[in-house]
Amino acid sequence: MNTIQKKIWKLTLVVLFIMAIIWIALTYYNQKTLDQYNSVLQRYLNLNEVTVSSQQVITDLNNYMLEPSLKRYDQLQRSEKKVQQVKAEIGDLKNEENNFALTNYMNLIDSLTETTGRAQMYRAQQETEASAREFSEATRISNYISETTLTLIDSELKTYERFYRGIMEQSAELRQLGIWLLLLITFVLLVMTYWFSMSITKPVQKLTHSANELAKGRFDLPIKVESNDEISFLAETFERMRINTNNLIVEIQEKAQLKHELQRSKLLLQESQLRSLQSQINPHFLFNTLNILSKKAYLEGAEETSDLLVSVAGILRYNLKRLEKPVTLREEVIVLRQYMDIQKARFTDRLHLEMEIDESCLNVQIPGLTLQPIIENAVIHAIEPNEEGSAIWFRIIDAVDQVRIEIEDNGNGMEEEKIKHVLEERQGETEGHTSGIGFSNVVRRLRLFYGCEDVIEIDSGLGMGTKIVLKIPKIRRAE
C-alpha cells in the first residue's frame with residue numbers, strides 16, 4: 001500500500017530527476033563549448049609562444065656573444081630546446097586551411113635554429129664579422145617569425161569567426177531552449193501536482209460526503225473509496241463502523257418492535273381479563289344459583305330448562321378461567337355446543353346447525369374463548385335479522401400440518417370495509433359480545449398466540465353469506 005508520504009517522496013524524486021537531467025545536459029553543452037573555446041585559445045597561445053621563444057633565443061644569443069660563458073651557453077641551449085618544443089606543438093595545429101602557412105612557419109623556426117647554431121660556431125672560432133652577420137640574420141628571422149605569428153593569428157581569427165558566431169547563436173538558442181524547457185517543466189509539474197492532489201483530495205471528498213451522510217443518519221449507504229493509501233484504510237474503518245452501527249440500529253428496532261408486540265399482548269390480555277371481570281357479577285354466587293335452579297327444575301320435571309341452566313353454568317365456569325392460558329380444541333368445542341344449545345332454545349326452528357368434527361384434531365392447543373365469539377357473531381348477524389331462519393355450518397378438518405376450522409353461514413354477509421376492519425384488528429360493531437371478547441380481539445390473540453399473520457381467512461359478500469376459516473398450526477412457532 002502506497003502511503004501519502006511515499007507519494008510525496010515520489011513527486012519530489014521526479015522533480016529532482018528532471019532537474020538533474022536538465023543540469024547534466026546544460027553542463028555537458030557548456031563544457032563542450034568551453035572545450036572548443038579553449039582549443040581555439042590554445043592555438044593562439046601556442047602561436048604567441050613561438051614569438052616569445054624566438055625572441056628569448058635572440059636575447060640569450062646576444063648575451064652569449066657579448067660575454068661567452070658556460071652559464072649563458074646553457075641558457076641559450078634551453079631557449080633553443082624550448083623553440084623546438086613549441087615547433088612540435090605548432091605541428092598539431094595543422095589543418096586543410098593553414099597547412100601551407102604552418103609549414104613555412106615551422107621552416108622559419110628551423111632556419112632560426114640553424115642560424116643561431118652558425119652564429120655560435122663563428123663566435124667560438126673568433127670570426128667576429130661572420131658571427132655578427134649570422135646574429136643579424138637570426139634577428140631578422142625572429143622578427144619575421146613575430147610578423148608571421150600575427151598574420152597566422154589574424155588568419156585564425158577569420159577562420160574561427162564563424163565558430164564565435166556559432167557560439168553566440170547557440171547561446172541564444174540555448175536561452176530560448178531554456179525558456180521552453182522551463183515552460184514544459186512547469187506544465188509537467190502542474191499536471192503531476194494536479195494528479196497528486198486529486199489522488200489525495202478526491203478520496204477525502206468522498207470520505208467527507210460519506211461522513212455527512214452518516215451524520216444525517218443514513219447508515220444504509222455503503223462507503224466506497226478507491227485509493228491505496230491511509231485514506232483507503234480510514235474508509236474501510238468507517239465502513240466497518242457504519243455496518244456495526246447499522247446492525248445495532250436494526251437490532252434496537254427489532255427489540256423495540258418485539259417490546260411493542262409484547263406490550264400489545266399484555267394490554268390485550270389485561271383488556272380481556274377486564275372485560276371478563278366486568279361480565280362477572282358475583283360469578284361464584286351466580287354459578288351456585290344456576291346449579292340449584294337446574295336441580296330444582298329437574299325435580300319439578302322441567303328437564304329442558306334444567307339442561308339450559310346446565311349449559312349456562314358450563315359457559316360461566318369456562319369464562320371464569322384465565323384467558324392467557326391455552327386450552328384444547330376439545331374444550332372449545334364443548335363450550336361451543338353448550339352455547340349453541342342455549343341459542344337453539346332461543347331461536348328454535350330459525351337456527352339450523354350442522355357440525356363436522358375430526359376427533360383426531362381435538363387435542364390441538366388454542367387460545368381460550370376463540371370459537372364462541374365467532375359463532376356468536378354469526379348468530380347476531382345471520383340468525384337474528386332473518387325471521388325465516390338461517391343455517392350455520394361448523395367443520396374441523398385435518399389439513400396435514402394444520403387444523404382447518406370452518407364457520408359458515410348463509411346470512412346477509414359482510415361488507416368489504418367490515419372485513420378489512422376485522423383483519424386489521426380494529427374494533428367496531430363486532431365488539432358487543434356476551435363473552436366480552438370481540439371478533440377483532442380473537443384475530444389479534446390468534447396471531448400473537450401462534451406468531452404468524454396468516455391464521456384467518458374471511459370469504460363474504462353482501463347477500464352471499466360468510467365463511468370464516470381458521471388455519472391452526474398443529475405445532476406452535478413459539479414451541
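Leaving aside residues up to four places away in sequence, Leu76 touches Val57, Asp60, Leu61, Tyr64, Thr116 and Gln120, where contact means heavy atoms within 4.5 Å. This is a predicted model, so local features need pLDDT of at least 70 and side-chain atom pairs count only at pLDDT 80 or more, while totals for chains, interfaces and linings use all residues. Residues are numbered from 1 along each chain as its sequence is written, and side-chain values use heavy atoms, with hydrogens and water left out.

**Leu76**
- Leu76 is found in helix α2; helices here are DSSP runs (H or I, at least four residues), numbered from the N terminus.
- Leu76 is buried, at a relative accessible area of 0% (buried means under 20%, exposed over 50%, partly exposed in between, with a 1.4 Å probe and protein chains only).
- In sequence, Leu76 and Thr116 are 40 residues apart, yet C-alpha to C-alpha they sit 9.4 Å apart in space.

**Gln120**
- Gln120 lies in helix α3 and is buried too, with a relative accessible area of 10%.
- The side chains of Gln120 and Gln77 are joined by a polar contact of 3.5 Å (a pair of N or O atoms within 3.5 Å; within protein, one must be able to donate a hydrogen and the other to accept it, and residues adjacent in sequence count only if both atoms are side-chain atoms).
- Not counting residues up to four places away in sequence, Gln120 touches Leu61, Tyr64, Tyr73, Leu76, Gln77 and Glu80.

**α2 against α3**
- Helix α2 (residues 70-91) and helix α3 (residues 99-124) pack at about 165°, with axes 10 Å apart; axes are lines fitted to C-alpha atoms over the stretch in contact, and angles run from 0 to 180 degrees between N-to-C directions.
- α2 and α3 are therefore roughly antiparallel to each other (over 145 degrees; under 35 would be roughly parallel).
- The α2 side of the contact includes Tyr73, Leu76, Gln77 and Glu80, and the α3 side includes Thr113, Thr116 and Gln120.
- By class, the contact of α2 with α3 has eight nonpolar, six polar and three charged residues.

**α9 against α10**
- Helix α9 (residues 329-347) packs on helix α10 (residues 371-383) at an angle of about 25°, with axes 9 Å apart.
- α9 and α10 are therefore roughly parallel to each other.
- Among the residues that meet are Leu336, Tyr339 and Phe347 in α9, and Ile375, Val379 and Ile383 in α10.
- The contact of α9 with α10 divides into 10 nonpolar, two polar and two charged residues.

Methods. Helices (H or I, at least four residues) and strands (E, at least two) are DSSP runs, numbered from the N terminus. Angles under 35 degrees count as roughly parallel, over 145 as roughly antiparallel, 65 to 115 as roughly perpendicular and the rest as oblique. Ala, Val, Leu, Ile, Met, Phe, Trp, Tyr, Cys and Pro count as nonpolar, Asp, Glu, Lys and Arg as charged, and the others, Gly among them, as polar.
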